[in-house]
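Hello,

Here is the structure I promised to pass on to you.

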Amino acid sequence: MNHAIDPAPPLGPAPLPPPVRRRQRTPLWLVLLVGLVVGIVAAVGGLAWWGWLEFEKQAVVAMAADPVIAEHIGSIRHSEFDWSMTSAEPDEETFAFHVNGERGNGTVVARFVTEDADSEIIDGGVLIMQDGSRIPLRSSGSQDDGTDDSEDEGRG
């Protein structure tokens, strides 16, 4: 039995496996830096939002305490800040709020001044009723001392 062994085919270099693509890893310092920036932006944004909500609460308390607003609007049930009217005001301390109450509805455009960390006061302005009538708001520091209020009439 003469079995002839087939000669082995000539061996050349083995084919190379397909190249493995290594995903480039993001450096740890870059991940930490992005996380820090996002955290700072979120913290500042959160503080600003909280501060704005506190201001709105204090403004509603100031409006509720104003005798003119109390007389014409009554107890404030709902208030909504008006960005458009506020941005049209030249004084950066003047804000506009639409208010709804038990006696009526209107828009308060008033100068709000920080009295202390927990409260705002109204320092003049106008209450615009739904029928378009304009009722001046007195400065919180002014008393009814019989002086001429004609300057307040033209305000707003």
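Below is what was found, going from the whole chain to two residues.

This is a predicted model, in which local features need pLDDT of at least 70 and side-chain atom pairs count only at pLDDT 80 or more, while totals for chains, interfaces and linings use all residues. Residues are numbered from 1 along each chain as its sequence is written, and side-chain values use heavy atoms, with hydrogens and water left out.

The protein chain has four helices and five strands (DSSP runs, numbered from the N terminus: H or I of at least four residues for helices, E of at least two for strands). Along the sequence they follow the pattern α-α-β-α-β-β-β-β-α. Of the 156 residues, 25% count as buried (buried is under 20% relative accessible area, exposed over 50%, partly exposed in between, with a 1.4 Å probe and protein chains only).

Now to helix H1, residues 28-65, where valine 44 is found. Valine 44 counts as exposed because its relative accessibility is 53%.

Serine 119 lies in strand S4, which covers residues 119-129. With 19% relative accessibility, serine 119 counts as buried. Leaving aside neighbours within four places in sequence, serine 119 is in contact with Gln58, Val113 and Thr114 (contact means heavy atoms within 4.5 Å). Using the contact term again, among contacts between residues at least 6 apart in sequence, 40% join residues at least 24 apart in the protein chain.
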